[in-house]
4 protein chains.
Amino acid sequence: MSEIATSDRSARALTTHPFDDDHLREECGVFGLFGTDDAAAHTVLGLHALQHRGQEAAGITSFDGSQFHTQKHGGQVADYFTDQAVLDRLPGAAAIGHVRYSTTGETAMRNVQPLFAELAHGGFAVAHNGNLTNAQTLRRSLVRAGAIFQSTSDTEVILHLLATSTFRTALDRFIDALRQVEGAYSLVALTQEALIGVRDPLGVRPLVLGEMEDGVQILCSETCALDILGATFIREIEPGEMVVIDRNGLTSLHPFDPAPARPCIFEHVYFSRPDSMLDGMSVYDVRKRIGAELARESGVEADLVIPVPDSGTPAAIGYAREADLPFELGIVRNHYVGRTFIEPSDKIRHLGVKLKHNANHWSIKGKRVILVDDSIVRGTTSMKIVDMVRQAGAREVHMRIASPPTRHSCFYGVDTPERSKLLAARMDLDSMRDVIGADTLAFLSIAGLYRACYVDAGRNDAQPQFCDACFTGDYPTRLTDQEDVAGPLDLLAAAQS
Amino acid sequence: MSEIATSDRSARALTTHPFDDDHLREECGVFGLFGTDDAAAHTVLGLHALQHRGQEAAGITSFDGSQFHTQKHGGQVADYFTDQAVLDRLPGAAAIGHVRYSTTGETAMRNVQPLFAELAHGGFAVAHNGNLTNAQTLRRSLVRAGAIFQSTSDTEVILHLLATSTFRTALDRFIDALRQVEGAYSLVALTQEALIGVRDPLGVRPLVLGEMEDGVQILCSETCALDILGATFIREIEPGEMVVIDRNGLTSLHPFDPAPARPCIFEHVYFSRPDSMLDGMSVYDVRKRIGAELARESGVEADLVIPVPDSGTPAAIGYAREADLPFELGIVRNHYVGRTFIEPSDKIRHLGVKLKHNANHWSIKGKRVILVDDSIVRGTTSMKIVDMVRQAGAREVHMRIASPPTRHSCFYGVDTPERSKLLAARMDLDSMRDVIGADTLAFLSIAGLYRACYVDAGRNDAQPQFCDACFTGDYPTRLTDQEDVAGPLDLLAAAQS
Amino acid sequence: MSEIATSDRSARALTTHPFDDDHLREECGVFGLFGTDDAAAHTVLGLHALQHRGQEAAGITSFDGSQFHTQKHGGQVADYFTDQAVLDRLPGAAAIGHVRYSTTGETAMRNVQPLFAELAHGGFAVAHNGNLTNAQTLRRSLVRAGAIFQSTSDTEVILHLLATSTFRTALDRFIDALRQVEGAYSLVALTQEALIGVRDPLGVRPLVLGEMEDGVQILCSETCALDILGATFIREIEPGEMVVIDRNGLTSLHPFDPAPARPCIFEHVYFSRPDSMLDGMSVYDVRKRIGAELARESGVEADLVIPVPDSGTPAAIGYAREADLPFELGIVRNHYVGRTFIEPSDKIRHLGVKLKHNANHWSIKGKRVILVDDSIVRGTTSMKIVDMVRQAGAREVHMRIASPPTRHSCFYGVDTPERSKLLAARMDLDSMRDVIGADTLAFLSIAGLYRACYVDAGRNDAQPQFCDACFTGDYPTRLTDQEDVAGPLDLLAAAQS
Amino acid sequence: MSEIATSDRSARALTTHPFDDDHLREECGVFGLFGTDDAAAHTVLGLHALQHRGQEAAGITSFDGSQFHTQKHGGQVADYFTDQAVLDRLPGAAAIGHVRYSTTGETAMRNVQPLFAELAHGGFAVAHNGNLTNAQTLRRSLVRAGAIFQSTSDTEVILHLLATSTFRTALDRFIDALRQVEGAYSLVALTQEALIGVRDPLGVRPLVLGEMEDGVQILCSETCALDILGATFIREIEPGEMVVIDRNGLTSLHPFDPAPARPCIFEHVYFSRPDSMLDGMSVYDVRKRIGAELARESGVEADLVIPVPDSGTPAAIGYAREADLPFELGIVRNHYVGRTFIEPSDKIRHLGVKLKHNANHWSIKGKRVILVDDSIVRGTTSMKIVDMVRQAGAREVHMRIASPPTRHSCFYGVDTPERSKLLAARMDLDSMRDVIGADTLAFLSIAGLYRACYVDAGRNDAQPQFCDACFTGDYPTRLTDQEDVAGPLDLLAAAQS
């Protein structure tokens with residue numbers, strides 16, 4: 001029984017995913033800063049740099065010393081938040097922001113973050129990257145106690161736990177609330193006094209700290225959001241750490257029981273931007289190392305190495321260098337596809353891939369081609385790409401994937417299709433190769449992936465150094481909401497938000 | 001400390017009040033029906049007939065047997081809800097709807113009604129005409145107990161009282177909630193089982209019951225919303241009555257202590273449509289009787305009687321007939337003004353009245369004119385109208401007002417300016433006449449108004465038969481929120497919604 | 001073979017005619033002024049006052065001393081031209097403007113006026129009220145000579161005749177062009193030196209001259225456009241007169257052979273605003289006289305006189321006064337219908353009249369009612385109104401029409417349905433009464449109409465004092481385009497613009 | 001004296017050039033096909049593939065056997081033309097289309113192509129890539145003869161020459177018109193009988209012929225527009241050739257005096273897509289050869305080769321391979337910048353480059369970097385890129401440009417800034433290096449560019465094999481409009497369209 005409110009006529013446009021090229025999809029990016037004029041304008045730039053983490057909607061909440069102000073909009077950051085009139089509605093020296101990619105059909109504005117609550121002791125705004133695994137269970141008991149939810153977002157559970165907490169201060173209430181939730185979260189929150197950042201005890205999703213020349217401190221999902229502002233990267237927020245940034249500077253708390261870190265390894269494979277620094281490593285460098293591992297593990301005689309643009313490019317460079325083969329731009333991407341295919345006809349929809357990519361016939365014809373892509377999810381794009389390259393005259397097509405087979409759903413804030421739609425969960429390697437139509441197909445090994453991430457000893461199966469559940473099914477937290485229900489686990493994954 | 005969210009770029013357009021011709025303004029109209037296909041389409045028509053009660057925004061919630069669906073939109077009903085694609089998003093055999101005029105700058109969609117809550121035992125939607133006089137007080141204690149409000153609307157207080165009620169059934173919880181509120185309310189609510197209508201114990205705002213040929217029952221603010229559907233007027237909902245309409249038909253409850261009725265007398269003067277039946281009287285007929293009373297009380301020698309269009313017309317007809325003078329259309333109204341003056345320049349804004357009205361020179365020149373208007377609020381329009389009629393060549397201008405002087409704020413769901421801006425609260429009759437520039441000025445007496453409403457014995461000052469607080473300052477309920485604060489009462493009126 | 005260009009997505013919205021209540025429809029209104037700052041802002045107000053002459057689109061061309069600037073927009077004047085940013089794009093001390101109602105499906109912006117041409121000796125903009133009856137014939141020969149038309153408007157023929165004229169000055173070329181056209185035109189034109197106004201030799205469509213306090217001169221279709229600016233009515237432009245207004249003042253020319261005037265009599269019946277002065281008469285006064293004539297010609301015993309709002313009101317006042325019966329507002333019009341019924345579903349479209357009108361049951365029930373309307377075109381609205389009044393309980397319904405039966409198409413700038421759809425062209429009075437469902441039906445006589453227009457001697461059939469072709473079929477000019485084709489004359493009328 | 005009409009409120013948005021990264025800009029791309037159902041849908045795809053040749057506006061004209069239909073829209077192809085409702089308004093088996101980048105402020109729809117004229121013997125639509133150098137001169141004499149221009153486009157001159165030609169058939173008239181014009185043109189035209197393609201005698205702008213499996217023939221600017229449809233590249237249209245495609249197949253005419261070809265060499269440097277085949281060469285291959293030439297001509301000791309994305313990438317690959325240095329993605333481009341920076345504040349505008357690019361600190365720090373870009377126009381982007389790379393920690397920055405210095409305006413359909421703003425026209429190499437802030441700066445030589453284009457013998461200065469006027473000032477045609485005026489030539493270039 002739920003209310004579906006869409007007052008915006010253009011809502012349908014939001015549901016087309018422009019770069020829907022068969023990838024797992026990070027659901028969110030967060031940004032916050034404290035203590036500068038034009039906090040909102042800075043937040044706009046930070047969110048723009050994090051746009052790859054969510055293109056469906058964006059929101060910013062600022063605090064001007066007496067009032068909180070919120071602006072939300074469907075679409076990309078630059079669509080709306082670059083208008084001076086919008087910025088004028090976001091005054092204040094502190095702000096947090098959020099970009100969002102939604103897994104469900106609910107594109108209602110009320111689900112767009114930051115979420116805000118007027119609590120007894122003042123306002124509280126929060127933006128969330130991640131996903132709680134016991135949100136439905138907590139929500140049911142909160143509703144029984146009289147809570148009225150305004151969204152279907154799991155994040156709102158945190159707000160209600162905070163509102164009904166018996167602790168006195170906002171900070172204690174926030175900690176009390178977080179101790180009740182399970183799952184993955186990197187949060188930025190804004191109160192009347194402070195900017196707060198917190199990362200779950202396992203540190204599944206990233207959150208970093210930076211500083212501008214004038215000492216203003218920034219929290220954000222990736223270091224590339226510091227670069228756009230000319231800010232300096234200070235350090236990552238530690239798993240389980242809460243930082244409180246206010247007039248007196250930064251205070252670090254560790255309110256949770258200590259636990260071995262499990263950062264998401266897929267951030268290195270695909271989610272993070274190549275110019276970001278993550279877990280102490282350059283993302284671009286790790287991706288080239290992945291390519292080199294792949295060349296060592298699954299080398300094949302060929303004439304050219306071609307990346308599937310744009311995400312396969314660093315791995316392809318690494319592969320080509322290791323294999324001493326020419327790196328060539330054999331597939332050209334049309335950057336004008338944008339968010340623009342509103343209500344396409346079936347006929348045009350069917351032409352999907354061709355709208356985005358074209359094989360560069362003249363460099364492919366008669367050649368033995370190695371195609372490097374970052375991952376395979378449903379396999380739909382791979383099929384089309386291989387077919388396109390063959391039609392362009394390639395003599396052989398060898399597909400190399402810069403990650404292990406993706407076989408399991410993610411419950412930590414990543415949009416995964418139902419398990420039954422994951423190609424690698426449905427069939428073995430040979431069948432996949434046949435479906436895709438390649439001459440040979442190879443994935444990177446788990447060990448190779450860990451090596452590329454500078455874990456030379458490989459995965460510690462007793463206590464893995466990363467969350468790699470999408471490859472291994474080894475989930476680092478309880479999945480309470482999944483246990484509550486009788487049906488098969490993966491079928492329910494689609495219902496998560 | 002409040003959050004102001006306006007994600008809609010066109011929000012500013014909503015704040016221009018097209019027919020802003022110096023009238024008090026009814027804030028809302030409500031409509032609901034149960035048990036017909038296309039409940040939403042019927043609701044659209046009903047709200048269209050109630051459009052005069054609120055042009056700023058409209059909303060509809062339907063229930064399709066398993067889910068509630070809500071659509072809200074700024075602007076008029078016909079702007080959005082006549083699109084079949086919108087209706088398709090409102091399936092179901094039961095629906096409620098609301099048109100709204102807001103007194104404050106907050107045009108956020110989240111304040112647009114119906115409001116909805118997913119409660120432990122199912123969804124609950126409500127639409128409200130009226131205003132609670134202890135909403136702020138209740139809200140503060142609810143927030144202290146952990147409630148998170150999603151709007152600044154007083155109506156949401158009812159939802160939270162309902163959610164936290166310890167009674168078991170939705171109906172008992174609703175009654176429990178209403179017993180805690182003070183003020184004026186005519187509500188329509190929708191649950192999974194029933195359409196509910198309720199009117200406060202004094203019956204300040206109207207609510208009527210109608211029936212379609214096929215037995216489908218309708219609740220709405222005025223009978224004109226029955227006419228548009230070809231439905232029959234059955235009766236008014238009684239003050240303090242709650243009706244529950246479900247598969248088993250209509251059940252009438254009287255859950256409150258009985259009290260003498262105090263329906264709003266200004267509905268007869270201006271708010272209701274002339275083709276509505278209210279308190280057992282034809283609104284059009286009462287307005288003509290008002291004109292006749294006015295002619296008897298304040299007759300003057302003249303050549304013509306001219307209505308200030310369109311609201312002064314019935315009283316002008318009554319006046320002209322009683323005075324045996326020609327009724328003439330001496331002022332022509334331009335109906336194309338619409339909701340369209342988006343961001344007018346100061347220059348054009350300054351031409352305000354001329355955009356809407358023009359004096360018909362050829363019938364006015366050299367004549368002694370009696371102008372009949374329904375009321376004077378700030379006096380701004382009256383000044384311009386008198387000036388326009390004089391410039392058109394009138395020899396004498398006698399202004400006759402079809403109501404007593406408006407001297408007090410309304411706290412029951414009507415948009416009143418601060419008391420200090422009410423012309424009749426600031427000065428005596430002679431000063432008003434001078435400010436307006438008329439040769440003579442007369443208002444209807446309280447006794448005359450009661451006589452026109454068929455109360456021949458006149459007002460019972462010990463127990464008035466109507467709420468006439470805007471004329472007399474005699475408020476029929478406690479004004480708890482006003483008492484809570486130290487400042488002068490009327491200054492706070494502007495903060496009410 | 002024609003090009004249909006609609007680049008505007010909202011184009012379809014333009015094709016709904018909001019007040020499509022079965023009236024003939026004036027196609028255009030024109031306005032121009034010379035010699036004041038903010039000429040465009042003045043023009044906006046003038047066009048707003050002429051909005052009843054065309055709601056489909058509006059356009060303004062200004063001249064700033066070196067450049068011409070044009071802005072056009074679908075919809076009403078106030079929708080677009082009240083935005084200061086739009087006015088800023090229309091600088092200059094001279095401007096002309098146009099409001100338009102289109103008879104055809106072509107709502108392309110290129111058909112919206114003013115039309116502009118860059119000629120060898122400078123720019124020339126023109127706005128046209130009327131219709132040429134030899135436009136197609138002229139157009140064919142111009143195209144054969146190499147002219148490229150940019151619109152389907154007959155007005156563009158004038159521009160091409162001007163461009164290819166062998167005369168030297170713009171004025172001589174304009175006169176040369178006009179001598180070649182037949183039909184009805186009231187034009188305002190703008191050159192680099194002057195504002196020009198011209199009325200066809202028969203003066204079919206109106207055009208008046210006014211003056212502001214500072215001596216600035218104005219040309220416009222009706223005097224109500226002078227009132228909105230506080231300007232004084234000077235005189236009507238004479239049939240066949242051309243006035244040239246420039247830095248040296250006004251020059252009057254009479255470049256055509258003199259002919260007896262034939263102004264459109266339907267302007268008095270319906271087109272013009274009641275507060276306008278036309279052909280030396282007050283439109284409101286003539287309409288009351290029409291009502292009185294009607295009462296004398298076709299009186300009937302009854303209890304009430306009710307106008308079909310709003311156009312039937314003055315005649316109903318005149319009728320009621322002559323018949324000594326009460327004038328009552330028995331039908332209430334919903335002013336919120338606006339331009340807003342975008343893509344209505346068939347279901348809602350079918351409810352058409354009810355959306356706009358409601359019978360005031362309480363004053364009609366059991367009464368013998370006289371309904372007064374201005375005209376009957378297709379009869380569709382009349383049927384619904386009579387039915388609505390009967391359902392509201394009227395004992396008898398007597399329909400009185402304030403004009404003779406409309407039996408013929410207009411070729412002079414009025415939107416008439418095909419002749420086969422005109423009720424009065426299809427059947428006799430008794431059949432019409434039966435179709436409409438009234439107890440009695442009467443139209444005003446031609447003689448009565450002329451008497452109401454102060455022609456006591458009645459119509460001079462040899463040389464009629466007005467153009468009354470829609471009633472009589474007596475067309476005052478050649479209909480060259482009609483003669484050129486073999487088909488029946490009226491079927492072709494629909495193809496005219 | 002010209003009319004500036006912008007009726008579209010969103011017009012301003014069109015004037016922001018999203019990828020305004022200091023490049024010369026091709027003004028147009030054309031596409032046409034004949035003889036297939038859904039000709040318009042095919043044209044949409046073709047134009048989408050040509051989007052890089054013009055993002056400001058797009059238009060399509062189709063012919064359905066009896067009528068021509070045109071749709072035009074500001075913005076990118078996918079914004080509007082992927083809507084089925086739009087395609088439904090473009091029925092027919094033949095269509096032509098156009099994408100446009102405008103050099104002037106005039107973004108009016110009437111300038112968007114295809115242009116259409118209803119001529120005496122039928123409709124004629126035309127789309128133009130290129131620019132006429134005697135358009136103003138011809139226009140003046142056409143206007144003197146009575147022609148009315150509806151646009152400021154030079155293309156319309158062709159239509160008027162055609163309309164006023166004394167030849168009998170459309171084809172003869174078209175040839176007659178083209179014999180009078182000078183300059184560069186690749187045209188596709190549509191008549192009631194045929195699709196016509198024509199290339200100016202020097203073949204300055206490209207135009208190719210392709211064929212679909214079912215024999216349907218296509219004309220388009222580049223071969224990449226064939227690929228998107230799965231069509232086969234047949235051949236280039238020859239300089240001076242006119243092809244007529246109708247029911248009887250293709251007819252080739254050569255109506256002009258033969259002349260040595262002078263195709264634009266800048267198409268190879270930057271305009272054409274890397275996956276296109278042009279002048280018998282793969283664009284991608286030529287660009288890699290350019291990089292290799294550059295490495296040979298201007299090698300320097302360094303650690304890395306980094307492309308300025310995306311246009312510098314093929315040359316950087318060629319450079320790195322020739323120099324045996326690592327090719328690295330040292331600059332990451334943010335693809336979400338889109339067309340979306342509507343009315344940015346000055347503050348945000350000032351951050352321009354950072355919004356689009358970020359240096360990949362982790363791969364640059366402490367390194368000697370070779371940056372490869374395709375060209376330098378104003379130098380503004382180069383300055384910012386070098387500064388960004390230095391701030392990211394590069395030890396040395398060596399800028400290598402994959403073309404000779406751009407010193408002269410183009411009059412053949414390319415948007416060039418005034419000559420005074422071209423960096424290479426203002427200063428020598430050392431000064432440029434200082435302004436840009438690089439350690440060393442080198443351009444490719446003219447000889448190197450010709451060698452890369454497989455002209456091993458180098459440029460024939462007596463009869464150059466390409467149009468390279470932007471580098472050499474050696475214009476292959478008369479510049480009649482320039483000669484007509486007294487002022488300096490380059491200042492006038494900006495006024496060309």
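Author: Helices and strands here are DSSP runs, numbered from the N terminus. In this predicted model, A:C467 falls in the loop between α18 (446-452) and α19 (469-472) of chain A.

Reader: Is A:C467 buried or exposed?

Author: Buried means under 20% relative accessible area. A:C467 has a relative accessible area of 8%, so it is buried.

Reader: Which residues is A:C467 in contact with, leaving aside its neighbours within four places in sequence?

Author: With those neighbours set aside, the contacts of A:C467 are A:R262, A:P263, A:C264, A:I265, A:Y412 and A:P476.

Reader: Which residues does UniProt list for "binding site"?

Author: The UniProt record, an unreviewed entry, gives A:C264, A:C410, A:C467 and A:C470 under that name. They are spread over 207 residues of sequence, yet they cluster in space, with a largest C-alpha distance of 10.3 Å.

Reader: Where is A:C410, and is it buried or exposed?

Author: A:C410 sits in the loop between β22 (396-401) and β23 (414-415) of chain A. Its relative accessibility is 18%, so A:C410 counts as buried.

Reader: How should I read the nonpolar cores?

Author: In soluble globular proteins, nonpolar side chains tend to be buried together. In this structure the largest nonpolar core has 94 residues, and B:F266 and C:F266 touch the most other members. Apart from it lies another core, of 93 residues, including A:F266, D:V269, D:I370 and D:C453.

Reader: What is C:F266 in contact with, beyond its neighbours within four places in sequence?

Author: C:F266 is in contact with C:L24, C:F271, C:S375, C:T406, C:C470 and C:F471.

Reader: How do I read the backbone angles?

Author: Most residues other than glycine have a negative phi, and most peptide bonds are trans. Two residues of chain D can be read against that. D:D324 has a positive phi, near 55 degrees, and lies in the loop between α11 (313-323) and β19 (331-333) of chain D. D:Y454, which is not a glycine, has a positive phi of about 65 degrees; it is placed in the loop between α18 (446-452) and α19 (469-472) of chain D.

Reader: How accessible are D:D324 and D:Y454?

Author: D:D324 has 69% relative accessibility and so counts as exposed. D:Y454, at 42% relative accessible area, is partly exposed.

Reader: Which peptide bonds are cis?

Author: One joins A:Q113 and A:P114, with omega about 0 degrees. Another runs from D:Q113 to D:P114, with omega near 0 degrees. A:P114 is in the loop between β6 (94-100) and β7 (115-119) of chain A, and D:P114 is in the loop between β6 (94-100) and β7 (115-119) of chain D.

Definitions and conventions
Residues numbered from 1 in each chain as written. Chains lettered and ligands numbered in written order. Predicted model: local features only at pLDDT ≥ 70, side-chain atom pairs only at ≥ 80, totals over all residues. Heavy atoms only, no water. Core = buried A, V, L, I, M, F, W, Y, C linked by side-chain atoms within 4.5 Å. Buried < 20%, exposed > 50% of the residue type's maximum accessible area, 1.4 Å probe, protein only. Contact = heavy atoms within 4.5 Å. UniProt positions renumbered as here; feature names shortened; annotations may be inferred. Helix = DSSP H or I, 4+ residues; strand = E, 2+ residues; numbered from the N terminus.
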